[in-house]
Amino acid sequence: MVYSGIDAVDEVLDYPFPDDGKPGIPAEFHQLRATCPVQRARLPFGGEGWLVSRHADVKAVLGDPRFSRAATVDADIPRTTQWRTQPGNLMAMDAPDHTRVRRLVAGVFSRKGAERLRPRTTEIVEELVGGMRAAGPPADLVERFSAPLPVMVICELLGVPFAQWHLFRGYSETMLSGGTTTPEEVARASAQLDAFLREHVASRRLEPRDDLLSDIIRAGSGDDAPLTEHELVTLGVTILVAGHETTAQAIANYVHTLLVRGSWAELAAHPERLPTAVNELLRYVPIGGAETMPRVATEDVEVAGVVVRAGETVLPVLGSANLDGAVFADPDDLNLERTANPHMAFGFGPHYCLGAQLAIMELEVGLGALLRDFPDLRLAVPEAEIPWRSNNLVRGPRQLMVAW
Ligand code: HEM
């Protein structure tokens, strides 16, 4: 049966569903996948949209150019945050603009590009692990390890000074926080980050170095559609923000998951299983609340028997797709030896995470060193006392006290 538009599905649910800010997705999605995989929902801002919760449908939406990111720019679309999508950002472009900008940085972020950063990442990780060991237990894994590691790597890559990381961590936290942040606060943080990057772009123009910013400026100065100054700065900001908060929270969340599930010691005894385990952790522990960035239909499109009308907004729920029993055997079990694992933790289609290979490399090097040096790692506080960042687009503990 083909349903049509808003009046076809009786119940409109309020979204986001209540949740405690811990990693994991609200139980409602288990029900939705079974009974209403394209569900009408009332969002806190911009009205009603569609939640898409099954693996096959999420994949179809993300791979379909009729679902646009560019159409979300400056628009009052249904969304979970007050602020609207800003223009000039890679994540908010459609082809051909998206293809043009993405092509410029694709090489640096390829598997080969990520491998080139492995030796320096290993040095950074050894420095951080050494610092933890020297200071002794207990340690806040967030402050000492998971937060600084990806920032150090991304600063290295872009060629911006690491000394200011606390500063831009604050800006990017503001930009990624959900309903609690006002558009003015986001605009201020975004302007500050822009100014920070603009300064570095200007200095690289005068004096190019062996770093990503210099590479992008060089690539943009050829005949082939150069990046505008705004695109250049915004790309730098996007990479800086997207490149550290996600990986930082992933490391902390994965250590937490392995510890509370009693899998840490076993993985420490079998380091060869780490790449497969990282892939499973990516599937099992969602990075955000649940849904990824909204898309707007540019024409009527049928999704799982529901006609999404032109102009309507769809929210693909990656965390739900990754627990879909139609694709994953025993989806609710964390199986660190799972091999068939076509998860969508990094999305799918043209906006597939630019930094996926870099993130995987960092996770392998970072978790690998922690497992090697602290095979008896344990939580230093009762699990119930771990403070979680709530209402944030990227989930994770504010502090994770561990001992060994
Ligand atoms: C565990 C870590 C990470 C996870 C789970 C993750 C997840 C994602 C997801 C799901 C998307 C797609 C969003 C959508 O289609 O709506 C995405 C896009 C993106 N990610 Fe990541 N990411 C991670 C790390 C990184 C890193 C290290 C970088 C470094 C540069 C990065 C940069 C980006 C960029 C630039 C995009 C936008 C790509 C585009 O629009 O073409 N991410 N990421």
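**Helix packing, backbone features and the iron site**

Helix α13 (residues 274-284) is largely enclosed by the rest of the structure, because eight of its 11 residues are buried; buried means under 20% relative accessible area, exposed means over 50%, and partly exposed lies in between, as computed with a 1.4 Å probe on protein chains only. Helices (H or I, at least four residues) and strands (E, at least two) are DSSP runs, numbered from the N terminus. The model is a predicted one, in which local features need pLDDT of at least 70 and side-chain atom pairs count only at pLDDT 80 or more, while totals for chains, interfaces and linings use all residues. Residues are numbered from 1 along each chain as its sequence is written, and side-chain values use heavy atoms, with hydrogens and water left out.

The buried residues of α13 are Leu-274, Ala-277, Val-278, Glu-280, Leu-281, Leu-282, Arg-283 and Tyr-284. These buried residues pack against α11 (229-260), α12 (264-269) and α15, where contact means heavy atoms within 4.5 Å.

Helix α15 also takes part in two helix pairs. Two packed helices are described by the angle between their axes and the distance between the axes. Axes are lines fitted to C-alpha atoms, for helices over the stretch in contact, and angles run from 0 to 180 degrees between N-to-C directions. The axes of α11 and α15 cross at roughly 40° and come within 10 Å. The two helices are therefore oblique to each other; angles under 35 degrees count as roughly parallel, over 145 as roughly antiparallel, 65 to 115 as roughly perpendicular, and the rest as oblique. The crossing of α11 past α15 is right-handed, a term used if the near helix is turned clockwise from the far one by less than a right angle, with anticlockwise giving a left-handed crossing. On the α11 side, Thr-247, Ala-250, Ile-251, Tyr-254 and Val-255 meet Ala-359, Glu-362, Leu-363, Leu-367 and Leu-370 of α15. By class, the residues of this contact comprise eight nonpolar, one polar and one charged. Here Ala, Val, Leu, Ile, Met, Phe, Trp, Tyr, Cys and Pro count as nonpolar, Asp, Glu, Lys and Arg as charged, and the others, Gly among them, as polar.

In the second pair, helix α7 (residues 148-158) packs with helix α15 (residues 356-373) at an angle of about 130°, and their axes are 11 Å apart. This angle makes α7 oblique to α15. The crossing of α7 past α15 is right-handed. Leu-149, Pro-150, Val-153, Ile-154 and Leu-157 of α7 form the contact with Leu-358, Glu-362 and Gly-366 of α15. Six nonpolar residues, one polar and one charged make up the contact of α7 with α15.

Cys-155, in helix α7, is buried at a relative accessible area of 3%. Residues up to four places away in sequence aside, Cys-155 touches Val-160, Pro-161, Phe-162 and Phe-168. Between Cys-155 and Gly-347 there are 192 residues of sequence separation and 24 Å in space, C-alpha to C-alpha. Ile-124, which lies in helix α5, is likewise buried, with a relative accessible area of 1%. With the same exclusion of residues up to four places away, Ile-124 touches Leu-149, Met-152 and Val-153.

Most residues other than glycine have a negative phi, and most peptide bonds are trans. The peptide bond from Ala-95 to Pro-96 is cis, with omega near 5°, and Pro-96 is placed in the loop between β5 (67-68) and α3 (97-106). Pro-137 and Pro-138 are also joined by a cis peptide bond, with omega about -5°; Pro-138 is in the loop between α5 (118-135) and β6 (139-140). Ala-304 is not a glycine, yet its phi is positive, at about 45°. Ala-304 occupies the loop between β8 (301-303) and β9 (306-308) and is partly exposed, with 40% relative accessibility. Asp-330, also not a glycine, has a positive phi of about 40°. Asp-330 is situated in the loop between α14 (318-321) and α15 and is exposed, at a relative accessible area of 54%.

Cys-353 is also found in the loop between α14 and α15. The SG atom of Cys-353, 2.3 Å away, is the single donor from the protein to the iron atom of the ligand. Donors are N, O and S atoms within 2.8 Å of the metal (3.2 Å for Na, K and Ca); water is not among the atoms, so sites may look incomplete.
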